[in-house]
Amino acid sequence: MYHKTLPYRVFNLLNYIVLAGISIVCLLPLYHLLMVSFSDTSAANAGRVTLWPIGFNWDAYAQTFGNHNFVTSLWVSVKRTVIGTALALAVNSIAAYALSKDNHVFRGRNIYLWYFVITMLFSAGLVPGYILILKLGLLNNLFALILPGLVAVYNIILLLNFFRSVPKELEEAAFIDGAGYLRTFISIFLPVSMPAIATIALFTMVGHWNSYFDGLIYMKGAENLPLASFMQTLIVQGNTTGFDPAVIANMSQRTLRASQIFISALPILLVYPFLQRFFVKGIVIGAVKE
Amino acid sequence: MDAMTSTDHNLKTTPKARKRSGYRVPLVLHLMVLPAVLLVFVFSYLPMGGIVMAFQDYKANLGFTGSPFVGLKHFRYMFENDYFMKITMNTLIFACSKIILNLIVPFSFALLLNEVRHMGFKRSIQTMVYLPHFLSWVTLSGILIDLLGQTGVVNQLLTFLFGMKPIFFLGDGTWFRLTIIFSDVWKEFGFNTIIFLAALSGINPALYEAAEVDGATRLKQTLHITIPSLTPILIVVATLALGSVLNANFDQVFNLYSPMIYQQGDIIDTFVYREGLLSGQFSFATAVSLFKSLIGLVLIIISYRLAYRFAGYRIF
């Protein structure tokens with residue numbers, strides 16, 4: 001048995017230490033930021049905060065949530081994430097189901113598949129896409145953030161491969177019981193494909209929550225800006241509109257920024273552990289075929 | 001088997017209904033694809049018509065039909081432009097370094113993780129290293145700007161440990177490049193191990209048992225069983241990555257760069273954004289992104305062909 005030998009034991013110990021070290025490096029930056037956000041402004045500005053808050057307080061958070069623009073954009077983000085994910089799941093999963101049929105059952109399947117795959121290979125680019133939204137009159141409209149990326153071809157392929165791995169007998173039994181394709185999809189395929197559906201739901205939600213660029217170019221008023229775009233203007237462009245100037249002057253920009261960064265990441269941190277067990281399964285099943 | 005299914009399905013119906021069902025059954029399937037087809041038509045295919053701009057001097061008030069055609073003017077200007085060559089080089093440097101490191105690091109990490117026998121430890125490690133993948137570049141650039149600043153933790157640590165002067169990580173061209181490359185690896189390596197871990201779990205344990213009986217050490221087992229078993233998936237990942245050698249990650253660069261380091265840090269996508277949407281050079285920006293899209297298309301087709309030839313990989 002190799003794992004009883006001395007060299008392997010030494011290796012094993014070192015391995016555990018290295019892996020633990022690398023994992024901590026993945027989390028440490030976020031943790032440090034959290035500590036800065038809770039700290040006293042002078043300590044944060046002097047760079048004295050490392051692994052523990054100095055002069056613990058919630059001021060930065062109170063200030064961030066007191067900003068009217070922040071709360072409005074939080075609501076825009078919630079709306080786009082919920083509506084966008086629901087629509088994307090409905091449209092993509094039903095299309096994937098139809099496309100998972102063999103070509104002799106669903107004639108035209110291959111043509112449809114290529115129709116979708118071509119958009120993965122080639123895109124018109126930024127400017128024509130922008131002009132399209134302009135011409136459709138979707139500027140400042142929530143659907144400008146939802147519709148363009150709604151059909152995710154990669155997700156359709158992932159689901160399609162998953163649906164093909166569902167035993168044929170299940171579908172045959174449903175047909176014999178008199179169910180049509182739609183009924184079979186809803187009552188048989190959706191329930192047995194929950195790991196794959198959950199994976200795609202996770203990716204879509206995270207995608208919506210994190211996407212900032214579309215909001216930046218399509219949303220002109222502050223009241224329509226999703227949180228990620230609002231954060232981008234605050235964190236990267238250093239915009240401080242909506243904050244009380246007197247308070248800003250007293251408060252360290254650093255603690256304020258840290259709290260904003262942490263809040264923008266919080267929803268992701270909250271859903272992540274619940275969905276993690278699904279996505280590993282989902283990716284593996286969708287990507288590795290027999 | 002599927003032909004059987006449809007016959008069974010039809011048998012229960014009357015002859016009249018059967019005649020109709022010949023159309024009806026596929027029609028449902030067509031309707032199921034319809035919403036996706038329409039959305040893709042509007043948001044992916046319609047904009048392709050806008051590519052005509054690349055060959056025009058597009059003016060918003062004249063539209064696509066009224067704007068004058070200028071042939072290849074924008075492409076000629078692009079290739080004669082030193083700055084365009086520079087950003088293409090930057091893009092290639094970023095993308096290629098990331099591709100190589102994002103293969104080597106996750107592969108090695110998966111091998112190390114595979115040696116962990118304590119399941120709880122293994123799962124905690126996975127949870128921690130996958131996390132950065134899900135954070136946006138807006139969040140992460142905020143973190144990096146804070147960490148790597150003049151009074152940030154990293155510079156403080158360097159001063160404290162080595163007595164070094166503060167480094168301008170985001171203000172010096174060379175350091176900026178390193179920051180872009182390594183922060184990307186930091187964010188993605190964990191998530192990229194998933195595919196290798198999946199392949200590792202698929203290796204037949206009998207191979208290891210046989211090697212054990214023959215007295216092979218764990219190192220020998222790794223070299224002669226584990227690594228050869230992972231080679232096909234490694235080839236697939238590597239060849240598919242070929243398609244993204246012009247994708248240097250817009251979100252990352254856009255949120256970290258500044259005019260100070262454009263010479264070493266600007267990439268094609270950020271350039272297209274500035275020229276197109278900020279300066280209003282619609283036609284020139286479209287020409288640049290068309291050039292990029294076409295090269296990308298060729299590379300993707302080549303990479304899929306290679307992946308299919310060497311590892312029998314197909315996407316569907």
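Please keep in mind that the model is predicted.

I begin with chain A. Its assignment gives two parts: domain 1 spans residues 2–61, and domain 2 spans residues 68–242. Between the C-alpha centres of domain 1 and domain 2 of chain A, the separation is 36 Å.

I turn now to the interface. Chain A contributes 104 residues to the contact, and chain B contributes 92 residues. Together the two chains bury about 8,800 Å², with 75% of that area on carbon and sulfur atoms.

What of the charged and polar pairs? The count between chain A and chain B is 1 salt bridge. The partners are A:Arg254 and B:Asp146, whose closest N and O atoms are 2.9 Å apart. Polar contact across the interface of chain A and chain B amounts to 18 residue pairs, both residues being at pLDDT 80 or more. On the side of chain A that touches chain B, helix H1 of chain A, residues 6–37, supplies the largest share, namely 16 residues. By residue class, that side of chain A comprises 77 nonpolar, 18 polar and 9 charged residues.

B:Thr222 belongs to helix H11 of chain B, which runs over residues 218–241. Is B:Thr222 buried or exposed? B:Thr222 counts as buried because its relative accessibility is 15%, and the cut-off for buried is under 20%. Neighbours within four places in sequence aside, B:Thr222 is in contact with B:Glu115, B:Ile227 and B:Pro228.

Methods:
Residues are numbered from 1 along each chain as its sequence is written. Chains are lettered from A and ligands numbered from 1 in the order in which they are written. This is a predicted model: local features need pLDDT of at least 70, side-chain atom pairs count only at pLDDT 80 or more; totals for chains, interfaces and linings use all residues. Side-chain values use heavy atoms; hydrogens and water are left out. Domain bounds come from an automatic or database domain assignment. Contact means heavy atoms within 4.5 Å. Buried area is the accessible area (1.4 Å probe) that two parts lose on being put together, summed over both. A salt bridge is a side-chain nitrogen of Lys or Arg within 4 Å of a carboxyl oxygen of Asp or Glu. A polar contact is a pair of N or O atoms within 3.5 Å; within protein, one must be able to donate a hydrogen and the other to accept it, and residues adjacent in sequence count only if both atoms are side-chain atoms. Helices (H or I, at least four residues) and strands (E, at least two) are DSSP runs, numbered from the N terminus. Ala, Val, Leu, Ile, Met, Phe, Trp, Tyr, Cys and Pro count as nonpolar, Asp, Glu, Lys and Arg as charged, and the others, Gly among them, as polar. Buried means under 20% relative accessible area, exposed over 50%, partly exposed in between (1.4 Å probe, protein chains only).
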